[in-house]
Amino acid sequence: MSDRIKSWVDKYRPMKFEDVAGHEEIVASLSEMAKSGLVTHMLFSGDAGTGKTTLAEIFSRELLGTGFRSNYEKIDSSTDRGIDVVREDIKGIASTEPIGSDYKIIFLDEVDGMTSAAQHSLRATMEDFQEHCIFIMTCNYPNKVIDAVRKSRCAHIRFSPVDKKSMKKRLVYIVEEEKKVIHEDIVDAVVDYAQSVNGDMRAAINKLQISVLMSEAGVEKDVIVDGLVGLDSVSDRVEKMIYFATKSNFTRANKIMNELFSRGGNIDEILEQICEFVYSADGLDNRQSSDILNACALASNSCNMGGSPRVQLSNVLMKFALSDSDIRKESKSSPFSKKDVFSDDTKKLSKSDIMKDVEGESSGAKKVKLGTKGLKL
């Protein structure tokens, strides 16, 4: 595959601690741990694209050295999630002695996808072979990992979104390595877009590569920038979704909900944005605010127990529809500060209609139009 079409995400995947964008404290701690050899089981939690898997592999390479290939095993826990996988596969790997190294490392990606029974069995395996086998696990939802693993057996390391300064520095480095020329405004727009999707470094590099290709194809800078800036942030989309819910236009609200999920939004982030909206908006009395916040708490708990995010979020939106309030928010960009800003027909639907929308609306990813010329990313 030529360099021109090879994914920059793969090409510039960090292989050393010093190549990692952001997370300075985590990098320093893991580097020291690898040097000293004083290690423990670890759980990395955070949003997609924040560097969990990358740092797990870098740490493993640093610790195991030349014995990496012989003593490192990676298992996708979201697909191999049952108790039989732990009893037969993981236990079998953990029970064997390391080859030419003090430790063997088992990396479990998305351990929050494992069943409860599998996690309890995993806890026992971690205990039985802890003298020579280290478990490193990642998850998006730490609350879905049982306490006996998350609190009692692991050092829990939380990954925040990659900050803007570190992200831009890495993107500029990639452009320079590729010997490309691109306007700084485009790089800044890519960073702003990536920050709107939880500081996702993978998303930033993908958008950068596409933007460079478009620039080389003769697309004007302003068209590229406008397309990136025009991609609404999560908070903007959540606010529009709430707006349509208050107008009982659940067809439009549900469409935005599906766009949020198809773009990688997670239910906890969306619920947090809804809570922030309730705190800052006018027009809701104490009882109405309490009802909505309580619905958010119940939705979060239900999703952590395996419930459907779309069904739970629909119930929260119903609370806005039933509030019968003149909600206002002092912000030029807020739909609540404008009269009839979305002036399509408002369709009155019952709760059963909402559920039909949730079940019937496709959640497949949509192409994003870039700029006025209909270019697509």
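This is a predicted model: local features need pLDDT of at least 70, side-chain atom pairs count only at pLDDT 80 or more; totals for chains, interfaces and linings use all residues.
Local features need pLDDT of at least 70 and side-chain atom pairs count only at pLDDT 80 or more, while totals for chains, interfaces and linings use all residues. Residues are numbered from 1 along each chain as its sequence is written, and side-chain values use heavy atoms, with hydrogens and water left out.

Cysteines come up first. With a disulfide taken as a pair of cysteine sulfur atoms within 2.5 Å, the count is zero. Cys139 is in no disulfide, and its nearest cysteine sulfur, that of Cys154, sits 9.5 Å away. Cys139 is also buried, at a relative accessible area of 1%; buried means under 20% relative accessible area, exposed over 50%, and partly exposed in between, using a 1.4 Å probe and protein chains only. Cys133 is buried too, at 0%.

Then there are the aromatics. Rings of Phe, Tyr and Trp (its six-membered ring) pair if their centres lie within 6.5 Å; planes under 30 degrees apart are stacked, over 60 edge-to-face, and the rest tilted. That gives five aromatic pairs. One of them, Phe68 with Tyr72, is stacked, at 4.7 Å centre to centre and 25° between the planes. Both Phe68 and Tyr72 are buried.

Phe277 and Phe320 have ring centres 6.1 Å apart and planes at 65°, so this pair is edge-to-face. The pair links distant parts of the chain, 43 residues apart: Phe277 belongs to helix α14 (residues 267–280) and Phe320 to helix α16 (residues 309–323). Helices here are DSSP runs (H or I, at least four residues), numbered from the N terminus. Phe277 is buried at 3% relative accessibility, and Phe320 is buried at 1%.

Definitions and conventions. Helices (H or I, at least four residues) and strands (E, at least two) are DSSP runs, numbered from the N terminus.
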